[in-house]
Amino acid sequence: MHLYQNQNLKIYNSLSGEKELFTPIHEGNVGMYVCGPTVYSNVHLGNCRTFISFDLIYRYLKHLGYKVRYVRNITDVGHIVDDEDEGEDKIAKKARIDQIEPMEVVQKYTVDFHQILELFNNLAPSIEPTATGHIIEQIEIIKQIIDNGFAYIVNGSVYFDVIKYNKTNNYGILSGRNIEDMIANTRELDGQSDKKNPQDFALWKNAEPQHIMRWPSPWGDGFPGWHLECTAMSTKYLGERFDIHGGGMDLKFPHHECEIAQNEACTGHSPVNYWMHANMLTLNGKKMAKSTGNNILPRELFSGENNILSKAFSPAVARFFILQAHYRSILDFSDDAILASEKGFNRLMEAIDNLNEIEPAATSSINIQSWKQACYDAMNDDFNSPILIAQLFEAVRYINLLKEFKETLNAADLESFKKAIKAFVFDILGLQNEKLSADENNKLEGVINMLIGMRNEARANKNFQLSDQIRDQLLTLGIQLKDGKEGTSFTVS
Ligand code: AMP
Ligand code: ZN
């Protein structure tokens, strides 16, 4: 018996605009594809929010007992600046500016991406394919789309014929956009473009002689269009039809709309049963984005080195902050908001530490099964992590009452309570209790005392610049020195 057999998971499907009961194509198995990063710069906290949202989804599906194949790609070619069809490839541009190979850019930021997600305690996907590793598959799909009459070739480039496709299919089915409006709102082509219509998008682009990222194809040397890689890789690893496709809300149009069009034009049917879109992390009310500079980097958050931060925050606190909002709500980042999350996080972790002190009683005065089902109900309702967290704070209240002997649990209920808390907090939300071990604590204490000694020495030598620097830098790390009669002590927050 698997948990999914008695928990009714509902997922909000962006395609229907409704919460739908989740039924995978193959019982007990889930195929999930999530658009990965374009690796031309460090991931910002906004990108991380989307990947943490899908990590929560992945973790919960696994917890329910599904065998999940989670595919998340790396975009290492084809993504043009401003998401356009004409212009420079984002990776090639960065390589030109830094005077390194495009694949050096890709390697550098792929490594950064992995390191950051690991710090956030994200699980690795089952497969992480790259666009450059699937050029042959992309070419095969283009050939099929041409054969089916939905694409045309001009000067070594291949374009998807949106107008023709829309005659038999619905371009706009996901985003709700209407082709007539799109046509009315776009400028006429200026004669520079090879496209028949501005709505058409590139499947393959002819490479100019100076373009370094290039591959041979039936239409000449070139490179694939951005939307095609996800169609090729999802089909290859999950099949022509699979369960869940996810990504950030900003990818709904044109990226995901184009993916549907490509799949339908190629296979004659829609590729995905449940489309899921994670909402944006904003800063000062505006979307965090690489291009505008309106963003904060995870490492800045972990070190506190950003003017908008009063201190450093741990990855688990940042993850908790993100999961306190539902994945479909906009979340605005601010120092105050994450400070409040930190308080809540510490309260939760403290309560979990206290769990071990609770002794079983002869009878139970709390209905643990109904509390536990309320936690499942929250997650079954389209992965509602804020409601789950509210239930966990209800558990904190129980723990405090149990500690004071105002409530009781028998041995079996206490065991079930402990197991459930740990499953929801650590396995499903993916939080980590960051308390140091006794040995690590001793080492930290030793290092701080050494710095206090150096600060005293600096003060004795009237080197106040250095002594202040030691005090201030410790403070930014959350370590506060207090000078008293007995010497200097410290507190760590
Ligand atoms: P990119 O590398 O720009 O293709 O983005 C990688 C992922 O991050 C995509 O799924 C985007 O939708 C997502 N993303 C970009 N900006 C934000 C943001 N401000 N908040 C949440 N997700 C974002
Ligand atoms: Zn994609």
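The structure is a predicted model. In the model, the zinc ion (ligand 2) is held by C35, C230 and H255, while helix 1 packs against helix 10 at an angle of about 80°.

**Zinc site**

- The zinc ion (ligand 2) is coordinated through the SG atoms of C35 and C230 and the NE2 atom of H255, at 2.0 to 2.2 Å, and along the chain these donors follow the spacing C-x194-C-x24-H.
- Distant parts of the chain are linked here, since C35 lies in the loop between strand 3 (29-34) and helix 1, whereas H255 belongs to helix 8 (residues 252-267), 220 residues apart.
- C35 has a relative accessibility of 5% and therefore counts as buried, and H255 is likewise buried, because its relative accessible area is 2%.

**Helix 1 and helix 10**

- Helix 1 (residues 45-63) and helix 10 (residues 315-323) have axes 10 Å apart and pack at an angle of about 80°, which means that helix 1 is roughly perpendicular to helix 10.
- On the helix 1 side the contact involves R49, I52, D55, L56 and R59, which meet R319, I322 and L323 of helix 10; sorted by class, the contact has 4 nonpolar and 4 charged residues, with no polar ones.

**Q144 and A265**

- Q144 sits in helix 4 (residues 135-147), and it counts as partly exposed because its relative accessibility is 34%.
- Although Q144 and A265 are 121 residues apart in sequence, their C-alpha atoms are 8.3 Å apart in space.

Key:
Residues are numbered from 1 along each chain as its sequence is written. Chains are lettered from A and ligands numbered from 1 in the order in which they are written. This is a predicted model: local features need pLDDT of at least 70, side-chain atom pairs count only at pLDDT 80 or more; totals for chains, interfaces and linings use all residues. Side-chain values use heavy atoms; hydrogens and water are left out. Axes are lines fitted to C-alpha atoms, for helices over the stretch in contact, and angles run from 0 to 180 degrees between N-to-C directions. Helices (H or I, at least four residues) and strands (E, at least two) are DSSP runs, numbered from the N terminus. Angles under 35 degrees count as roughly parallel, over 145 as roughly antiparallel, 65 to 115 as roughly perpendicular and the rest as oblique. Contact means heavy atoms within 4.5 Å. Ala, Val, Leu, Ile, Met, Phe, Trp, Tyr, Cys and Pro count as nonpolar, Asp, Glu, Lys and Arg as charged, and the others, Gly among them, as polar. Buried means under 20% relative accessible area, exposed over 50%, partly exposed in between (1.4 Å probe, protein chains only). Donors are N, O and S atoms within 2.8 Å of the metal (3.2 Å for Na, K and Ca); water is not among the atoms, so sites may look incomplete.
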